[in-house]
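Reader: Hi! I'm new to this one, could you walk me through it?

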Amino acid sequence: MLHPKPHEYEGHQPLLQLRGVCCGYGGKAALQDVDFNVARGDWVGILGPSGSGKSTLLKCILGSAEVYAGDVLFDGESVGRKRPRIGYVPQLETIDWQFPVTVEQVVMMGRTAENGWFPWFKKSEHEAAYGMMERLGILRLARRHIRELSGGEQQRVFLARALVCNPRLLLLDEPTSGLDIKTRDEILHLLDELNHQDVTILMTTHEINAVAAHLPWVVALNGRVVAEGTPAEVFTAPVLKEVYGAEIPVTTYQGMTLVAESPHHLGQTRASGIIHSHTHNDV
Ligand code: ADP
């Protein structure tokens, strides 16, 4: 049996460290001075409005956004040119669902990085993919085209692809976006189970009450880190005002800190004097 590295049992060195990171695209910074750590076993949610830099943060860890200053360290070493064992689940909206590929083929793609340039897979790799599909409850869908699946099944397929290389860190971009309430809760339970099986998770979400309020630790972004802590520590009126630029009342329900939704009266037409009332549902 391999001996774990010292930090894995002493818990001293974080798995992921961002130190004064400034990153973006085409020479323009989308995020400034980002400092935070993710320890082995953590489950961290990145929260913030649209355009606040949530996806960019994941891309900078993956090496697909430009880093202008600071360091991104994985296991104490700069991610730079290395290929650290990080699994990534992109936003479902960014995937081309017409691409002619089956569930099994998508999951096998997760092995390509380790397989180098060989255009075939070993028997053990097929077994790993089938084992992962079974673990995530999608084995019966193996031969189906990905377009024929429900949103929850599609999310599980891309989770399986990310997990089949046994990553030490799993990055997910809006894993519950576009899912109905029941499917969203199933995905959150699945992530909770994986987290209890030693999968370290860093994920983005724009859903405060439905998702972030249930996570053990959240980081609130708006071009920089505004606050981090438990949801109760981060969901305060001053922090939310800084993150969202609006007065957002906070309340508690069954011991959980939640963000209150106040109705907005928009679209008052002067000619008729009719007020169209809309409820803001984004939080
Ligand atoms: P979020 O995920 O919080 O919605 P993003 O990280 O996608 O925010 O975007 C942060 C900023 O970076 C935005 O101003 C966005 O326009 C810009 N941005 C995102 N992706 C790119 C890209 N590929 N090229 C140039 N600018 C980008």
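Author: One term before we start: buried means under 20% relative accessible area, exposed means over 50%, and partly exposed lies in between, with a 1.4 Å probe and protein chains only. By that cut-off Phe 158 counts as buried, because its relative accessibility is 5%.

Reader: Thanks! And what kind of model is this?
Author: This is a predicted model, where local features need pLDDT of at least 70, side-chain atom pairs count only at pLDDT 80 or more, and totals for chains, interfaces and linings use all residues. Residues are numbered from 1 along each chain as its sequence is written, and side-chain values use heavy atoms, leaving out hydrogens and water.

Reader: How many helices and strands does the protein chain have?
Author: There are 9 helices and 14 strands. Both are DSSP runs numbered from the N terminus, helices being H or I with at least four residues and strands E with at least two.

Reader: And how much of the chain is buried?
Author: Buried residues are 46% of the 283 in the protein chain.

Reader: In which sense do β6 and β7 pair?
Author: Parallel, over 4 bridges, with β7 covering residues 169-173. Val 89 sits opposite Leu 172 of β7.

Reader: What about the open sheet of 4 strands?
Author: Its order is β2-β1-β4-β5, and the pairing is antiparallel. β2 (28-38) and β5 (77-78) are the edge strands with a single partner each, so one side of each lacks a neighbour in the sheet. Strand β4 (residues 66-74) is joined to β5 by 2 bridges, and Phe 74 has Glu 77 in β5 as its bridge partner.

Reader: Where does α2 touch this sheet?
Author: Helix α2 packs against β1 (16-25), β2 and β4. In α2 (residues 54-62), the buried residues include Leu 57, Leu 58 and Ile 61. Just after α2, Gly 63 has a positive phi of about 85 degrees.

Reader: Switching topic: how many aromatic pairs are there?
Author: There is 1. Rings of Phe, Tyr and Trp (its six-membered ring) pair if their centres lie within 6.5 Å; planes under 30 degrees apart are stacked, over 60 edge-to-face, and the rest tilted. Trp 97 and Phe 158 have ring centres 5.7 Å apart and planes at 85 degrees, so they are edge-to-face.

Reader: Where in the chain do those two sit?
Author: Trp 97 is in the loop between β6 and α3 (103-109), and Phe 158 is in helix α6 (residues 151-163), 61 residues apart. Trp 97 is buried too, because its relative accessible area is 16%.

Reader: Last one: how many disulfides?
Author: The search of the whole structure finds 0, a disulfide being a pair of cysteine sulfur atoms within 2.5 Å. The sulfur of Cys 23 has its closest cysteine sulfur in Cys 60, at 3.9 Å, so that is too far for a bond.

Note on methods:
Pairing = 2+ DSSP bridges. Contact = heavy atoms within 4.5 Å. Axes fitted to C-alpha atoms, helices over the stretch in contact; angles between N-to-C directions.
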